[in-house]
Amino acid sequence: MRLKPHHVMPVMMSAIMAFVMTAVITLLNLGLTPDFLKLWMHAFLLAWPIAAVAAFFAIPLAQRATRFITAFGSD
């Protein structure tokens, strides 16, 4: 089976977002502790699958909402 962009894109997008967000939130909540990297990676590994599933639903909704919003300016 060949991978299709609409299957890969939500996984990649969620990985990037979860990676950045878990780093920021872990840093804000705990500070730069000696075990920061371990705690951050734990948070990331928990968050990424949840974010990936959410992305599969959120991306099509966001695309429809974007088309709806931008349709007002195309009169």
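This is a predicted model: local features need pLDDT of at least 70, side-chain atom pairs count only at pLDDT 80 or more; totals for chains, interfaces and linings use all residues.
Helix 1 covers residues 5–30. With 26 residues, it reaches 37 Å from its first C-alpha to its last, which is close to the 38 Å expected at 1.5 Å a residue. Just past the end of helix 1 sits Gly31, which takes a positive phi of about 80°.

## The buried side

Which residues of helix 1 are buried? The list is Pro10, Ser14, Ala15, Ala18, Thr22, Ala23 and Thr26. As for their partner, these buried residues pack against helix 2, which runs over 36–71.

Thr26 makes a handy example from this group. Its relative accessible area is 8%, so Thr26 counts as buried, the cut-off being under 20%. Leaving out residues up to four places away in sequence, Thr26 touches Gly31, Phe36, Leu39, Trp40 and Ala43.

## The nonpolar patch

Now for the surface. Met9, Met13, Ile16, Met17, Phe19, Val20, Met21, Val24, Ile25 and Leu28 make a nonpolar surface patch of about 920 Å².

Take Met13 from that patch; this residue also lies in helix 1. Is Met13 buried, partly exposed or exposed? Its relative accessible area is 41%, so Met13 is partly exposed, since that class sits between the 20% limit for buried and the 50% limit for exposed.

Technical notes
Residues are numbered from 1 along each chain as its sequence is written. Side-chain values use heavy atoms; hydrogens and water are left out. Helices (H or I, at least four residues) and strands (E, at least two) are DSSP runs, numbered from the N terminus. Buried means under 20% relative accessible area, exposed over 50%, partly exposed in between (1.4 Å probe, protein chains only). Contact means heavy atoms within 4.5 Å. Patches are made of residues with over 30% relative accessible area and no salt bridge: like charges are joined within 9 Å, nonpolar side chains (Val, Leu, Ile, Met, Phe, Trp, Tyr) within 5 Å. Accessible areas come from the Shrake-Rupley method with a 1.4 Å probe; for residues, only the protein chains shown count as cover. A salt bridge is a side-chain nitrogen of Lys or Arg within 4 Å of a carboxyl oxygen of Asp or Glu. The expected span of a helix is 1.5 Å times one less than its number of residues.
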